[in-house]
Amino acid sequence: MTLRTTENIISQKQAYEDLIQGKGSLDIPLDCDRVVVEEVQLKYWLGPPSEKQAYAVPVYEFTGQCLDKNGRHLEDFTAWTEALSSTY
């Protein structure tokens, strides 16, 4: 397995825009009114060992808190979106 090139990695800002447009994976409770992103990291996604995968896919991982309408912490969240430019 090889890592994909980092030349075509999008910015964290673009990754955030992609995420709020529904491009990625975000699981939050229904009563979540606001999310507070506390950290963004570039990571590499690997499928299960039983599946052959030629590349480790770069993704951005967003972590933070989910708050209700009164600003109370409901739970922590983790979200992911692809980090490669769509022109790659």
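Which pattern does the protein follow when read along the sequence? In this predicted model, the order of elements along the sequence is β-α-β-β-β-β.

**View 1. Overall fold of the predicted model, with one helix and five strands.** The protein has 88 residues, of which 23% are buried. Among contacts between residues at least 6 apart in sequence, 60% join residues that are at least 24 apart. The accessible surface of the protein comes to about 6300 Å², and carbon and sulfur atoms account for 48% of that surface.

**View 2. A nonpolar patch on the surface, formed by Tyr16, Ile20, Leu26, Ile28, Val35 and Val37.** Together these residues present about 450 Å² of accessible area, and the elements that contribute two or more residues to the patch are helix 1 (12-20) and strand 3 (34-45). Valine 35, one of the patch members, lies in strand 3 and is partly exposed, with a relative accessible area of 31%. Valine 35 can belong to the patch because patch residues need over 30% relative accessible area, and its value is 31%.

**View 3. The salt bridge between the side chains of lysine 43 and glutamate 61.** The N to O distance in this pair is 3.0 Å, and the pair is one of two salt bridges counted in the model. Lysine 43 is partly exposed, with a relative accessible area of 32%, whereas glutamate 61 counts as buried at 14% relative accessibility.

**View 4. The salt bridge between aspartate 68 and arginine 72.** The closest N and O atoms of aspartate 68 and arginine 72 are 3.2 Å apart. Aspartate 68 is buried, with a relative accessible area of 11%, whereas arginine 72 counts as exposed at 51% relative accessibility. Arginine 72 is classed as exposed because the cut-off for that class is over 50%, and its relative accessibility is 51%.

Technical notes:
Residues are numbered from 1 along each chain as its sequence is written. This is a predicted model: local features need pLDDT of at least 70, side-chain atom pairs count only at pLDDT 80 or more; totals for chains, interfaces and linings use all residues. Side-chain values use heavy atoms; hydrogens and water are left out. Patches are made of residues with over 30% relative accessible area and no salt bridge: like charges are joined within 9 Å, nonpolar side chains (Val, Leu, Ile, Met, Phe, Trp, Tyr) within 5 Å. Accessible areas come from the Shrake-Rupley method with a 1.4 Å probe; for residues, only the protein chains shown count as cover. A salt bridge is a side-chain nitrogen of Lys or Arg within 4 Å of a carboxyl oxygen of Asp or Glu. Helices (H or I, at least four residues) and strands (E, at least two) are DSSP runs, numbered from the N terminus. Buried means under 20% relative accessible area, exposed over 50%, partly exposed in between (1.4 Å probe, protein chains only). Contact means heavy atoms within 4.5 Å.
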